[in-house]
Amino acid sequence: MNLDELRNRHDAVHVVLAPPRSASTAFARVLWNSTEVAHYSHEPYETTYYHGLGSEIAWKHLAEPLALGNLLEPRTGNHLLVKEMTFQVGPRFAELVEVATSPLVFIVRDPRLTISSRRAVKARQNEPLDFPLEQTGWLDLWRQIQYCREQGVAHLLVDASDFRSEPASAFSRICRELGLGFHPGQLSWEPAPELNLSRNNPGGLDEFYVRVLNSRKLEAPTEEPPPVTDFPEEGGLRDHVMWAMDIYESLALASAQSTIC
């Protein structure tokens with residue numbers, strides 16, 4: 001499948017990007033509750049990142065999205081929603097930009113929360129807590145936003161704490177910018193623990209999606225960011241968190257000043 005074939009298959013293509021643990025899957029779940037969104041592609045570049053494969057496997061995943069009509073009420077449109085991790089698409093970001101027919105959506109969340117949450121999941125999996133700094137997603141997030149600014153690519157900056165605190169207001173605005181209708185019923189759903197969101201990456205880590213797949217709605221943010229001193233200095237993680245905090249604060253200011261950047 002090529003770009004023209006993908007676009008001809010769908011009425012519109014919406015792309016959401018985020019660092020891990022930014023509530024991006026919950027965000028996507030609200031959007032896929034729109035009856036206009038008929039298909040959902042969950043992290044099509046996951047396999048390219050973890051298995052060192054080429055873009056053709058990502059395009060294969062884009063061509064075989066989850067058919068939402070099999071899960072929810074009949075669809076009234078044929079939009080495709082793509083959700084991806086910033087670090088997984090990495091250097092292939094420009095080709096994903098070409099896929100989108102609406103403004104890109106970048107989701108951000110306090111990096112102390114995203115990075116500590118990723119480490120907590122690793123602990124539950126009995127895996128080492130350390131991982132390459134690029135896997136926090138913040139390095140590629142910053143590069144991708146800079147790319148959009150330099151190339152004039154329309155994009156939205158959305159803070160997870162905002163859409164979790166005031167979901168109706170936030171999603172009414174977001175859906176309007178994406179050319180989607182919005183109704184309050186999108187904000188709740190039935191649990192779907194059987195849904196395999198890691199099907200693009202056999203042996204993928206479903207532990208990352210347990211909470212959202214068992215949820216019934218967005219949960220208000222109650223988490224307290226840990227102190228920076230909780231992050232180890234070894235390997236540069238503490239410095240990385242402090243750098244990411246500076247980026248996060250600058251992005252929060254930018255999103256407060258403009259709807260579409």
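**Close-up views of a predicted model**

**View 1. The surroundings of L17.** Leaving aside residues up to four places away in sequence, L17 is in contact with E84, T86, V89, F93, L96, L104, V105, F106, I107 and Q144. The model shown here and in the views that follow is a predicted one. L17 itself belongs to strand 1, which spans residues 13-18, and with a relative accessible area of 0% this leucine is buried, because buried means under 20%.

**View 2. The salt bridge between E43 and K83.** The whole structure holds 10 salt bridges according to the search, and in the one shown here, between E43 and K83, the closest N and O atoms lie 2.7 Å apart. The pair connects distant parts of the chain, with E43 placed in the loop between strand 2 (37-42) and helix 3 (46-51) and K83 in strand 4 (residues 79-85), the two residues being 40 apart. E43 has a relative accessibility of 2% and therefore counts as buried, and K83, with a relative accessible area of 1%, is buried as well.

**View 3. The salt bridge between K60 and E64.** Here K60 pairs with E64 in a salt bridge whose closest N and O atoms are 3.1 Å apart. K60 is partly exposed, with a relative accessible area of 42%, and E64, at 43% relative accessibility, also counts as partly exposed.

View 4. R164 forms a salt bridge with E223, and the separation of the closest N and O atoms is 2.8 Å. Distant parts of the chain are linked by this pair, since R164 sits in helix 9 (residues 160-165) while E223 sits in the loop between helix 11 (210-213) and helix 12 (237-257), 59 residues apart. R164 is buried, with a relative accessible area of 9%, whereas E223 is partly exposed, with a relative accessible area of 27%. Through salt bridges that share partners, R109, R164 and E223 are joined into one network. As a general point, side chains of opposite charge can pair when their charged atoms come close.

Technical notes: Residues numbered from 1 in each chain as written. Predicted model: local features only at pLDDT ≥ 70, side-chain atom pairs only at ≥ 80, totals over all residues. Heavy atoms only, no water. Helix = DSSP H or I, 4+ residues; strand = E, 2+ residues; numbered from the N terminus. Buried < 20%, exposed > 50% of the residue type's maximum accessible area, 1.4 Å probe, protein only. Contact = heavy atoms within 4.5 Å. Salt bridge = Lys/Arg side-chain N within 4 Å of Asp/Glu carboxyl O.
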